[in-house]
Amino acid sequence: MWDYFEADPSVGTSPLAQRARKERWASWSLRKACQSSYKRWMIEARKVMCSLPAKNLAKILSPAHAHLANLLAEIQSVSVAVINLEFEGKVLPLEGFGYLVPSSEPCQVLGVVFDSCTFPEHNHPGSETTRLTCMMGGAWFEELFGHPESVDSDHLLSIALATIEDHLKIKQKPIYSLVNIHRDCIPQYTVGHSSRLEQINKYIKKHSLPLFLLGSSYDGVSVNECIWNARKTVLALDR
Ligand SMILES: Cc1cc2nc3c(=O)[nH]c(=O)nc-3n(C[C@H](O)[C@H](O)[C@H](O)COP(=O)(O)OP(=O)(O)OC[C@H]3O[C@@H](n4cnc5c(N)ncnc54)[C@H](O)[C@@H]3O)c2cc1C
């Protein structure tokens with residue numbers, strides 16, 4: 001937080017910033033919060049709510065809790081290729097959020113989001129375009145495309161375009177495209193996840209750890225589920 005004030009002194013003049021300074025808040029912005037507090041001081045807390053991915057939490061747990069760390073490390077994350085596309089004009093055959101491809105289908109794409117329908121406020125003012133996000137990989141990333149470090153972006157783009165042509169009959173070339181590989185970006189629940197969670201919760205209870213596990217590694221990966229689970233945890237604390 002203090003780095004932030006130093007970088008932009010005008011930030012420190014707002015009532016919120018002044019209150020943050022007075023009360024020595026340990027978090028300020030999403031980018032600076034953890035780094036600043038971690039660098040500058042140690043925080044003692046009676047309860048810790050952790051929303052790190054399980055495998056990252058496993059790495060920072062004390063060696064005294066090696067069994068818990070091993071259980072957490074079993075909840076792995078997978079990589080996803082995200083391909084953003086923009087086409088001139090209104091080219092979708094229908095309006096909607098998008099679609100997911102069932103795993104039983106022989107398709108290299110996980111799903112496509114129709115961004116220009118979902119977020120029309122982000123559309124180009126003045127010219128009509130269609131924006132799509134195509135997602136590929138996940139648990140099958142390496143099997144389908146090789147190692148995320150060495151995958152060829154043009155190859156991913158060509159698969160995305162061929163799939164979109166096949167599914168949505170969009171034949172034209174995009175006016176904009178961007179390929180990003182998000183490494184280990186989403187947890188993959190595998191067979192045994194529920195019993196793993198039971199063992200994790202049992203361990204935390206047995207050792208009376210003041211630790212509350214939040215985030216996408218445990219009880220649902222969607223944003224809604226993450227928020228819902230955090231809310232439930234906080235409300236249960238109040239009682
Ligand atoms: C491509 C993609 C598309 C998705 N689409 C949807 C969708 O349409 N709808 C939906 O509901 N959900 C969607 N999801 C899922 C959802 O976005 C995520 O599951 C959710 O945002 C996870 O939130 P989180 O806070 O648990 O984890 P994250 O957002 O991954 O946050 C974890 C944070 O911990 C930080 N961190 C990690 N290790 C450390 C450490 N040691 N110290 C400090 N910080 C650390 C990371 O930098 C990160 O900021 C999508 C996910 C992906 C990857």
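How many helices and strands does the secondary structure of the protein come to? It comes to 10 helices and seven strands, where helices (H or I, at least four residues) and strands (E, at least two) are DSSP runs numbered from the N terminus. The model is a predicted one, in which local features need pLDDT of at least 70 and side-chain atom pairs count only at pLDDT 80 or more, while totals for chains, interfaces and linings use all residues. Residues are numbered from 1 along each chain as its sequence is written.

View 1. Buried residues make up 17% of the 239 residues in the protein; a residue is buried if 20 or more other C-beta atoms lie within 10 Å of its own, exposed if 12 or fewer, and partly exposed in between, with C-beta atoms placed from the backbone. Two residues are in contact if their C-beta atoms, placed from the backbone, lie within 7 Å. Among contacts between residues at least 6 apart in sequence, 64% join residues at least 24 apart.

View 2. In general, strands of a sheet pair through backbone hydrogen bonds, either parallel or antiparallel.

**View 3. Strand 5 and the strands paired with it.** Strand 5 is mostly covered, since seven of its 10 residues are buried. Strand 2 and strand 5 run antiparallel and are joined by 10 bridges, and here phenylalanine 87 stands opposite threonine 130 in strand 5. Strand 4 also runs antiparallel to strand 5, with five bridges joining the two, and phenylalanine 114 stands opposite leucine 132 in strand 5. Strand 4 pairs in the antiparallel sense with strand 3 as well, over three bridges, and tyrosine 99 stands opposite valine 112 in strand 4.

**View 4. Helix 8 and the largest nonpolar core.** A nonpolar core is a set of buried Ala, Val, Leu, Ile, Met, Phe, Trp, Tyr and Cys residues joined through C-beta atoms within 7 Å. In the largest one, which has 17 residues, Cys134, Met136, Leu156 and Ala160 touch the most other members. The elements that give two or more residues to this core are strand 2, strand 4 (109–114), strand 5 (129–138) and helix 8 (153–168), and strand 2 gives the most, with five residues. Apart from this core lies another, of seven residues, among them Ala54, Leu57, Leu68 and Ile200. Not counting residues up to four places away in sequence, methionine 136 touches Ala81, Gln108, Val109, Leu110, Leu156, Ile159 and Ala160. In soluble globular proteins, nonpolar side chains tend to be buried together.

**View 5. Serine 177 in strand 6.** Serine 177 has its place in strand 6 and counts as partly exposed because 18 other C-beta atoms lie within 10 Å. Leaving aside neighbours within four places in sequence, serine 177 is in contact with Ile83, Asn84, Leu85 and Leu157. The C-alpha atoms of serine 177 and leucine 85 are separated by 4.5 Å, although these residues are 92 residues apart along the chain.

**View 6. The shell around the ligand.** Of the 19 residues around the ligand, Asn56, Gly215, Ser216, Ser222 and Val223 come nearest; a residue is near a molecule or strand if its C-beta atom, placed from the backbone, lies within 6 Å of it. Helix 4 (54–60), strand 2 (77–88), strand 6 (176–187) and helix 10 (223–238) each supply at least two residues of this shell. By class, the shell has 12 nonpolar, seven polar and no charged residues, where Ala, Val, Leu, Ile, Met, Phe, Trp, Tyr, Cys and Pro count as nonpolar, Asp, Glu, Lys and Arg as charged, and the others, Gly among them, as polar.

Technical notes:
Two strands pair if DSSP finds at least two bridges between them.
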